[in-house]
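Morning, everyone. Let me put the structure up, and then we'll walk through it.

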Amino acid sequence: MAADMLRALRERRSVRRYTAEPVAREQLLQLLEIAGWAPSAHNRQPWRFAVLQSQDVKQKLAAAMGDRLRVDRLADGDDPALVTQDTERSRARIVEAPAVIVVCMTVAEMDAYADDRRTAAEGMMAVQSTAMAVQNLLLAAHAGGLGACWMCAPMFCQDTVAAVLQLPASWQPQALITVGHPASNGKPALRRAAAEMVHWL
Ligand SMILES: Cc1cc2nc3c(=O)[nH]c(=O)nc-3n(C[C@H](O)[C@H](O)[C@H](O)COP(=O)(O)O)c2cc1C
């Protein structure tokens, strides 16, 4: 059992291409349930999830995010043809995924402080907790034979995502997870050696 867990931790890869087979709602709920077993600061469980299966909603979200990306990239002075290509690739990934989970977080139930320093630390703890829930979700997908991939795009257009999905006011979009039955393996795994990352004292 422990060996299975270690193997899953090593073998999970980001999977970006899926078959057209839908993912059952019960299976998505199970992923979210496992996500919810992540540790969180004060056990406040600040993660929230918007689950998109409707093609119409996925298209609206992808279009709005794409418009925003285009504006930002053109303002950077990027080649318009390249911008169109990247925007289209991002749109296709969202629209073609059988399910999309927009992971949000709320600080509504975190501790409140009068000063900015501690308020920022508390907010960061909510972000850290939410990221742990996503890791659980990715591992649960892998364990269940599904593929999933984290997309960071919502971080760059949080207000757009919140408006299109009509999210509750306190929900801050953090990530978009595409989920489906794998059509291809992820890219080969590459990792730096643990010893490179350590400062021994
Ligand atoms: C915070 C975060 C943001 C990410 N954003 C993206 C993304 O926007 N697009 C993408 O294809 N993968 C994204 N990924 C997935 C990483 O590219 C991937 O985890 C990394 O390359 C290692 O590959 P592996 O997950 O297959 O081990 C993101 C991962 C994390 C943790």
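In which helix does alanine 141 lie? Alanine 141 lies in helix H5. Before going on, some housekeeping. This is a predicted model: local features need pLDDT of at least 70, side-chain atom pairs count only at pLDDT 80 or more, and totals for chains, interfaces and linings use all residues. Residues are numbered from 1 along each chain as its sequence is written. Helices (H or I, at least four residues) and strands (E, at least two) are DSSP runs, numbered from the N terminus.

Back to alanine 141. Is alanine 141 buried or exposed? Alanine 141 counts as buried, because 28 C-beta neighbours lie inside 10 Å. The cut-offs: a residue is buried if 20 or more other C-beta atoms lie within 10 Å of its own, exposed if 12 or fewer, and partly exposed in between, with C-beta atoms placed from the backbone. What does alanine 141 touch? Leaving out residues up to four places away in sequence, the list is Leu31, Leu146, Gly147, Ala148 and Val179. Touching, or contact, is when the C-beta atoms of two residues, placed from the backbone, lie within 7 Å. Glutamine 27 is 114 residues from alanine 141 along the chain, yet their C-alpha atoms are separated by 8.9 Å.

Now the whole protein. It has six helices and four strands. From the N terminus, the order reads α-α-β-α-α-β-α-β-α-β. The C-alpha atoms fill a box of roughly 50 × 45 × 40 Å along the principal axes. Of the 201 residues, 28% count as buried. Take contacts between residues at least 6 apart in sequence: 81% of them join residues at least 24 apart.

Next, the sheet. In what order do the strands come? Four strands form an open sheet, S1-S2-S4-S3, with antiparallel pairing. Strands S1 (47-52) and S3 (147-151) stand at the edges with a single partner strand each, so one side of each has no neighbour in the sheet. From one strand to the next, the twist averages 25 degrees. Axes here are lines fitted to C-alpha atoms, for helices over the stretch in contact, and angles run from 0 to 180 degrees between N-to-C directions. Two strands pair if DSSP finds at least two bridges between them.

Look at S4, residues 172-180. S4 and S3 pair antiparallel over five bridges. Seven bridges join S4 to S2, again antiparallel. Valine 179 in S4 has alanine 99 opposite, and alanine 148 also stands opposite valine 179. Threonine 178 in S4 has cysteine 149 opposite. How covered is S4? Nine of its nine residues are buried.

Helix H5 (residues 116-143) packs on this sheet. H5 touches S1, S2 (99-105), S3 and S4, and its direction makes about 5 degrees with that of S4. Alanine 121 is also in H5. Alanine 121 counts as partly exposed, because it has 13 C-beta neighbours inside 10 Å.

On to the ligand. Which residues are around the ligand? They are Arg13, Ser14, Arg16, Cys149, Trp150, Met151, Cys152, Ala153, Gly186 and Ala189. The cut-off for being near is a C-beta atom, placed from the backbone, within 6 Å of the molecule. By class, the shell has six nonpolar, two polar and two charged residues. Ala, Val, Leu, Ile, Met, Phe, Trp, Tyr, Cys and Pro count as nonpolar, Asp, Glu, Lys and Arg as charged, and the others, Gly among them, as polar. Glycine 186 and alanine 121 are 34 Å apart, C-alpha to C-alpha, and 65 residues apart in sequence.

Last, two backbone angles. Most residues other than glycine have a negative phi. Histidine 42 has a positive phi of about 55 degrees. Histidine 42 sits in the loop between helix H2 (25-35) and S1, and is partly exposed, with 13 other C-beta atoms within 10 Å. Glutamine 166 also has a positive phi, near 50 degrees. Glutamine 166 is in the loop between helix H6 (158-165) and S4. Glutamine 166 counts as exposed, with 7 C-beta neighbours inside 10 Å.
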